[in-house]
Amino acid sequence: MGISKTVIAIVAVVAVVAAGAGIAYVVMNDESVDGIVDGTGRVVNVGTSNRVVTTSATVAEIICGLGGYSKLVGVTMDSSYGVDEYIPGIPNDNYPKLINDGLDNGTLVNLGPMWEMSAESVLLANPDLVIMGGYFNSPATISALEDMGVPVVILKDDNAFDNIYFNIELVGKVIGKVSEAEVLVGQVKSAIGKIVDWTKSIGAPSQSVAVLMGLGGDWGDAYACGEAYILGTPLITTLGGTNAFSNISEMYLPVPTESILTADPDIIIDVTPATRAALDAVKTDPLLKEISASKNNRVYGAFESSGTAFTLTTQGFVSGVAMMAMFMYEDYLDFSIDNYLGSDYADYLKLFWEQVNA
């Protein structure tokens with residue numbers, strides 16, 4: 001069995017970011033009335049754009065959430081766009097159906113995987129603007145596009161709540177949806193605020209939480225989310241818990257079984273589990289069966305579309321916050337949940353949202 005595509009992509013992100021840490025981007029005309037400061041600090045003259053290519057599913061989702069789908073002409077395939085999405089507290093924006101329909105009927109150009117993307121492939125869509133996510137950005141591709149007169153806007157890495165809000169507002173600026181972006185950010189903050197208020201209102205004791213990736217797989221160590229990853233310490237502490245791997249200052253690191261045993265988390269949440277059987281085996285593992293999470297049946301997994309929704313770093317992050325809260329405070333829910341969420345995750349989110357708003 002090979003390591004999951006999601007884990008491979010996540011690990012690759014770290015490598016790309018590390019390799020690109022010393023890249024210096026050229027600042028464009030910062031005196032233009034159309035100049036917009038992007039996520040890297042570059043000032044980009046975007047002008048009026050009606051043919052937008054995005055090199056990230058994150059950007060595509062934000063554009064749809066802002067009602068800007070009609071401006072999209074090309075997307076990369078770093079996502080299957082397969083989530084039948086429901087986001088608590090956010091109006092339905094018909095994503096990802098819009099993307100899938102556009103790919104099927106040819107109104108959107110399929111640019112392939114973003115890590116294989118070149119300036120030539122982007123130009124097939126004849127864009128007047130390219131919006132890139134915070135990762136997997138080739139300096140050579142950026143330079144080539146700008147040399148051809150195509151402005152490139154780059155988002156911030158999506159590894160903090162404020163960065164997610166910044167990215168939504170940035171996309172709103174560059175596609176002419178400023179007021180819509182303000183509304184969407186307000187909706188996201190309000191929804192997350194309600195979830196946080198609910199966790200505080202129940203008066204539950206704080207528990208240690210380990211957010212892992214690939215636990216129980218036969219390829220080796222799982223990855224633990226640390227201090228610098230939004231699914232690690234930032235989200236866990238926001239919801240009133242403590243990160244069992246707060247000793248990891250990085251985004252995430254591989255952790256052997258012995259380290260999980262030493263951390264002894266009260267709750268384990270795997271956002272990219274290998275298989276249900278592999279996650280079940282954690283509770284019978286000679287070592288891991290001794291940790292609190294195993295003894296108390298508090299080992300959780302997000303499978304299928306729920307795993308994709310859990311890790312969205314757009315307006316869809318509300319769903320990840322909600323799923324984390326359900327796992328952390330299962331004993332306080334008015335309904336029963338399965339330890340493993342799958343394609344039916346939206347049904348649970350709707351019940352949870354009713355309870356939060358009761």
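In the predicted model, the side chain of Arg-42 reaches the backbone oxygen of Val-152 at 2.9 Å. Arg-42 is placed in the loop between strand S1 (35-37) and strand S2 (43-45), and, with a relative accessible area of 2%, which is under the 20% limit, this residue counts as buried. A further polar contact, of 2.8 Å, is made between the side chain of Arg-42 and that of Asp-38. The side chain of Arg-42 also meets that of Glu-146 in a salt bridge, with an N to O distance of 2.1 Å. This pair links distant parts of the chain, since Glu-146 belongs to helix H5 (residues 139-147) whereas Arg-42 lies in the loop between S1 and S2, 104 residues apart. In contrast to the buried Arg-42, Glu-146 is partly exposed, at 22% relative accessibility.

Six salt bridges are found when the whole structure is searched. One of them is formed by Glu-304 and Arg-276, whose closest N and O atoms are 3.7 Å apart. Because Glu-304 lies in helix H12 (residues 304-310) and Arg-276 in helix H10 (residues 276-281), this pair ties together parts that are 28 residues apart in sequence. Arg-276 has a relative accessible area of 34% and is therefore partly exposed. Another salt bridge is that between the side chains of Asp-280 and Lys-283, with an N to O distance of 3.9 Å; here Asp-280 counts as partly exposed at 38% relative accessibility, and Lys-283 likewise counts as partly exposed at 24%.

The strands S5, S4, S3, S6 and S7 form, in that order, an open sheet of five strands with parallel pairing. The pairing of S7 with strand S6 (residues 129-132) is parallel and runs over three bridges, and within it Ile-131 stands opposite Val-153 in S7.

The loop between S7 and helix H6 (161-174) contains Asp-158. This residue is buried yet takes part in no salt bridge, the nearest side chain of opposite charge being that of Lys-156, 12 Å away. The side chain of Asp-158 is instead joined to that of Thr-313 by a polar contact of 2.4 Å. When neighbours within four places in sequence are left aside, the residues in contact with Asp-158 are Thr-58, Tyr-135, Asn-163, Ile-164, Asn-167, Ile-230 and Thr-313.

In soluble globular proteins, nonpolar side chains tend to be buried together. The largest nonpolar core of the model comprises 88 residues, and those with the most contacts inside this core are Ile-99, Leu-231, Ile-269, Met-326 and Phe-352. Helix H13 (residues 317-328) makes the greatest contribution to this core, giving 10 residues. Apart from this core lies another, of 19 residues, which includes Leu-215, Ala-222, Val-255 and Ile-291. For Met-326, again leaving aside neighbours within four places in sequence, contacts are found with Leu-333, Phe-335, Ile-337, Leu-341, Tyr-348, Leu-349 and Phe-352.

Key
Residues numbered from 1 in each chain as written. Predicted model: local features only at pLDDT ≥ 70, side-chain atom pairs only at ≥ 80, totals over all residues. Heavy atoms only, no water. Core = buried A, V, L, I, M, F, W, Y, C linked by side-chain atoms within 4.5 Å. Buried < 20%, exposed > 50% of the residue type's maximum accessible area, 1.4 Å probe, protein only. Helix = DSSP H or I, 4+ residues; strand = E, 2+ residues; numbered from the N terminus. Contact = heavy atoms within 4.5 Å. Pairing = 2+ DSSP bridges. Lys, Arg positive; Asp, Glu negative; His and termini not counted. Salt bridge = Lys/Arg side-chain N within 4 Å of Asp/Glu carboxyl O. Polar contact = N/O pair within 3.5 Å; in protein donor to acceptor, adjacent residues only side chain to side chain.
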